[in-house]
Amino acid sequence: MPPASPNIPNHVAIIMDGNGRWAKQRGLPRIEGHRRGVETVRSTIDAARDLGIHYLTLYAFSAENWQRPAEEVSALMGLLEFFLRREARTLVKNHVRLQTIGRIEELPAGPLKELKSAMDATRHFTEWNLVLALNYGSRTELADAASAYAAAVAAGREKAGEASWSALSRYLYTAGIPDPDLLIRTSGETRLSNFLLMQCAYAEMIFSPVLWPDFTKAELAAAVAEYQHRERRFGLTSEQVQPRPTEHCPAINP
Ligand code: IPE
Ligand code: IPE
Ligand code: MG
């Protein structure tokens with residue numbers, strides 16, 4: 001896989017929020033907001049690729065979202081199925097690999113079938129990656145990872161008492177996916193809502209007031225520009241992470 005362009009976040013994760021409020025502002029049913037939100041998903045996938053972002057993770061349905069009114073849940077599942085059926089060919093054409101995080105086996109049969117077929121059709125791509133968080137929650141992810149890790153210890157594949165982050169992280173849904181560099185949440189809410197809590201340990205966070213159906217390529221580009229002005233220190237001092245001036249200078253011939 002080619003390295004990410006310098007200073008462009010390799011992995012952007014988005015909490016797509018505000019569909020319901022977008023619809024309410026217009027006197028429309030909530031589902032109309034979700035329908036428009038699907039169009040924003042399509043344009044954002046293209047925008048991310050244009051900007052050189054190699055991993056895009058979209059929070060599409062949380063483990064807690066099942067508790068919404070039944071008709072909203074079923075409309076969201078219908079939209080997911082519709083989106084996948086319509087987009088699978090475009091993903092193939094654009095060399096985008098589709099992956100998921102979350103307990104997808106608990107999704108209804110219709111969207112699950114489309115999901116599996118789109119993932120299968122795109123599994124050999126490496127350059128562009130779309131990760132859909134579906135029936136996802138960080139706490140269930142941790143519980144599932146703990147069960148899998150315990151089973152691995154029992155089977156002798158891991159050693160008890162020697163857990164490390166690098167070993168444990170192989171049992172998360174995100175195994176093999178780099179941590180997000182930039183996390184964006186739309187709609188003005190400033191919380192994580194059980195999304196990638198561990199993986200975002202050092203992500204830069206940007207909270208945009210824009211409601212998800214109104215989120216554009218310009219908004220994504222602005223978030224990337226803000227990210228480029230942040231100094232990521234990872235626990236070090238500013239002096240330690242700043243490149244020394246000589247590193248910028250072209251070699252001078254003696
Ligand atoms: C985000 O929009 C979509 C999902 C959570 C599925 P919301 O439906 O949460 O919109 P608001 O927060 O009610 O405006
Ligand atoms: C988070 O949004 C989940 C998704 C965007 C899929 P919510 O709208 O469900 O989050 P809360 O309830 O406002 O925290
Ligand atoms: Mg919301």
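Taken alone, ligand 1 exposes 380 Å², of which the protein buries 86% (Shrake-Rupley accessible area, 1.4 Å probe). Asp17 places a polar side-chain atom 2.9 Å from an oxygen atom of ligand 1, and a backbone N or O atom of Gly18 lies 3.4 Å from an oxygen atom of the ligand.

## Basis of the model

This is a predicted model, in which local features need pLDDT of at least 70 and side-chain atom pairs count only at pLDDT 80 or more, while totals for chains, interfaces and linings use all residues. Residues are numbered from 1 along each chain as its sequence is written, chains are lettered from A and ligands numbered from 1 in the order in which they are written, and side-chain values use heavy atoms, with hydrogens and water left out.

## Shell around ligand 1

The residues surrounding ligand 1 include Met16, Arg30, His34 and Leu76 (a heavy atom within 4 Å). The shell divides into 3 nonpolar, 5 polar and 4 charged residues, with Gly counted as polar. Its largest share, 3 residues, comes from H1 (helices are DSSP runs of H or I, at least four residues).

## Salt bridges

The structure holds 22 salt bridges (a side-chain nitrogen of Lys or Arg within 4 Å of a carboxyl oxygen of Asp or Glu). One of them joins Glu39 and Arg42, with the closest N and O atoms 3.5 Å apart. Glu39 and Arg42 are separated by about one helical turn because they are 3 residues apart in helix H2.

Note on methods:
A polar contact is a pair of N or O atoms within 3.5 Å; within protein, one must be able to donate a hydrogen and the other to accept it, and residues adjacent in sequence count only if both atoms are side-chain atoms. Helices (H or I, at least four residues) and strands (E, at least two) are DSSP runs, numbered from the N terminus.
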